[in-house]
Amino acid sequence: MAFTGFLAASDISSAINACKAKDSFSPKTFFATLGLSKKTPSEIEKVFKMLDQDQSGFIEQDELQLFLQNFSKGARTLTAAEVKAFLVAGDMDGDGKIGWDEFSALVNDS
Ligand SMILES: [Ca+2]
């Protein structure tokens with residue numbers, strides 16, 4: 001898995017398991033469980049680039065929906081309500097997607 005180098009597999013499974021139930025996902029809780037805010041900016045950027053599957057420079061809604069599957073292939077997709085809440089938490093300029101500065105602010109706030 002792409003993240004194995006700097007994220008502990010046990011932290012990834014804890015984070016995934018904590019939001020198994022639909023509508024239980026919280027980006028801040030997820031990032032906190034991963035310990036992502038303690039990683040270096042370049043490591044956090046690697047995670048951002050992985051989530052930005054089409055390399056557009058933004059994490060769009062379809063990519064947010066598949067967010068968990070980047071960490072664990074068998075994970076569920078996020079519900080429409082969770083995608084919306086993710087944007088409320090992270091999309092500071094209201095353009096409907098999450099850019100690098102917004103992602104890094106969200107991670108450092110978790
Ligand atoms: Ca994108």
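Helices (H or I, at least four residues) and strands (E, at least two) are DSSP runs, numbered from the N terminus. The model shown is predicted: local features need pLDDT of at least 70, side-chain atom pairs count only at pLDDT 80 or more, and totals for chains, interfaces and linings use all residues. Residues are numbered from 1 along each chain as its sequence is written.

**View 1. Asp93 and Lys97 in the loop between helix H5 and strand S2.** Asp93 sits in the loop that joins helix H5 (80–90) to strand S2 (98–99), and Lys97 is found in the loop between H5 and S2 as well. A residue is buried if 20 or more other C-beta atoms lie within 10 Å of its own, exposed if 12 or fewer, and partly exposed in between, with C-beta atoms placed from the backbone. Asp93 counts as exposed because it has 10 C-beta neighbours inside 10 Å. Lys97 has 20 such neighbours inside 10 Å and therefore counts as buried. Leaving aside residues up to four places away in sequence, Lys97 touches Phe58, Ile59, Glu60 and Asp91 (contact: C-beta atoms, placed from the backbone, within 7 Å). An unreviewed UniProt entry annotates Asp91, Asp93, Asp95, Lys97 and Glu102 as "binding site"; UniProt annotations may be inferred rather than shown by experiment.

**View 2. The two spans annotated as "domain: EF-hand" in the unreviewed UniProt entry.** The record places this feature at residues 39–74 and 78–110. Residues 39–74 are 44% helix and 6% strand, with the end C-alpha atoms 25 Å apart. Residues 78–110 are 61% helix and 6% strand, and their end C-alpha atoms lie 19 Å apart.

**View 3. Packing of helix H1 (residues 9–17) against helix H2 (residues 27–34).** The two helices pack at an angle of about 160 degrees, and their axes are 8 Å apart. Axes are lines fitted to C-alpha atoms over the stretch in contact, and angles run from 0 to 180 degrees between N-to-C directions. H1 and H2 are therefore roughly antiparallel (angles over 145 degrees). Asp11, Ile12, Ser14 and Ala15 of H1 meet Phe30, Thr33 and Leu34 of H2 in the contact.

**View 4. Ala9 of helix H1 and Phe71.** Ala9 belongs to helix H1. Ala9 counts as exposed because 11 C-beta neighbours lie inside 10 Å. From C-alpha to C-alpha, Ala9 and Phe71 are 9.5 Å apart in space, with a separation of 62 residues in sequence.

Technical notes: Contact = placed C-beta atoms within 7 Å. Parallel < 35°, antiparallel > 145°, perpendicular 65-115°, else oblique.
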